[in-house]
Amino acid sequence: MLRRDTLKYLASGSIVLVSGLLKPLTALARWNDAAFSAVDFDEAITAYFPGKEIKESEQITIGVHAIVENGAVVPIKVKTDLPNIESITIFVDKNPNPLIANFDLFPGCVGFISTRIKIQQASNIIVTVKSNGKIFSTHTFIEVHEGGCG
Amino acid sequence: MASTIRLKTRTNDGVTTVRAIIRHPMETGFRIDSETSELVPAHYINEVIVKHNGNVVMSCDWSRAVSKNPYLSFMFKGADTGDKLELTWHDNKNNTDSIETLIE
């Protein structure tokens, strides 16, 4: 009986181990389905940072053109000199799903990220930075001539 | 098959700049195919992980609103020339690709 239990234990343990090996990415990044599926900006940011107070900060800059021709490819740079940065997150309030992208920065990273995003219509871009466990944000408004979510 | 990832680095004064371009359609699920008049199903990268000598240095959670053929750049300290840098992406259809390069 003892032997059988041991075998069962070992068998279940190895299943856990194998499934763990198959999903290393999912386990690490913890994709937040509720926040990514939200269709409203307030809903998205609340789902992403539940129970967190978000403070405006002048130590974050969003590098983006104020008027863009093609909303399908909008280059965006975020810089921040806030200390001990854990993540940078980009929201676009009028997009079908306002949560665009999150970047987790590990120790050693500089407060900088650059990427290209889609923007459907004139919107506020809201960027949050997690620094010393607190959430800071800034925003900028951009005009879009041709929407990019088609 | 050729890699879907182009990964480049440059180190100046102890700060390594990483630049990556990934070949991927990043379909939102909202686009209508002009030939079939049907919606093209959503197909997009949702996770990207970058490791320096095996340790995660940056990881991304993405929505469908990152542009087609995603571009990504970030900077970190503490890497030496010749260190390993590995980038892996994973999409909503369980496709994945990975590339390793040596830091310059």
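In this predicted model, Ala66(A) lies in the loop of chain A that runs between strand S2 (60-63) and strand S3 (67-70). Because Ala66(A) has 8 C-beta neighbours inside 10 Å, this residue counts as exposed. Apart from neighbours within four places in sequence, Ala66(A) is in contact with Ile142(A) and Glu143(A). Ile54(A) is 12 residues away from Ala66(A) along the chain, and the C-alpha atoms of the two are separated by 24 Å.

Chain B may be considered next. Chain B contains 0 helices and 7 strands, which follow one another along the sequence in the pattern β-β-β-β-β-β-β. The C-alpha trace of chain B spans about 55 × 25 × 20 Å along its principal axes. Chain B has 104 residues, of which 37% count as buried. When contacts in chain B between residues at least 6 apart in sequence are considered, 54% of them join residues at least 24 apart.

One hairpin of chain B can be followed in detail. Strand S6 (residues 84-91) and strand S7 (residues 96-102) of chain B pair in the antiparallel sense over 7 bridges. Lys84(B) has Leu102(B) as its bridge partner in S7(B). Between the strands of this hairpin there are 4 residues, and Asn94(B) adopts a positive phi near 65°.

The two chains also meet each other. To their contact, chain B contributes 29 residues and chain A contributes 32 residues. On the side of chain B that touches chain A, the elements giving two or more residues are strand S3 (45-52), strand S4 (55-62), strand S5 (71-77) and S6 of chain B. That side of chain B comprises 16 nonpolar, 9 polar and 4 charged residues. Strand pairing also joins the chains: strand S6 (residues 99-105) of chain A pairs with S4(B) in the antiparallel sense over 5 bridges. Within S4(B), Asp61(B) stands opposite Asn102(A).

In soluble globular proteins, nonpolar side chains tend to be buried together. Here the largest nonpolar core has 55 residues, and those touching the most other members are Ile100(A), Ile117(A), Val48(B) and Phe74(B). Which residues is Phe74(B) in contact with, leaving aside its neighbours within four places in sequence? From chain A they are Phe103(A), Cys109(A), Phe112(A) and Ile113(A), and from chain B they are Val18(B) and Met58(B).

Methods. Residues are numbered from 1 along each chain as its sequence is written. Chains are lettered from A and ligands numbered from 1 in the order in which they are written. This is a predicted model: local features need pLDDT of at least 70, side-chain atom pairs count only at pLDDT 80 or more; totals for chains, interfaces and linings use all residues. A residue is buried if 20 or more other C-beta atoms lie within 10 Å of its own, exposed if 12 or fewer, and partly exposed in between; C-beta atoms are placed from the backbone. Two residues are in contact if their C-beta atoms, placed from the backbone, lie within 7 Å. Two strands pair if DSSP finds at least two bridges between them. A nonpolar core is a set of buried Ala, Val, Leu, Ile, Met, Phe, Trp, Tyr and Cys residues joined through C-beta atoms within 7 Å. Ala, Val, Leu, Ile, Met, Phe, Trp, Tyr, Cys and Pro count as nonpolar, Asp, Glu, Lys and Arg as charged, and the others, Gly among them, as polar.
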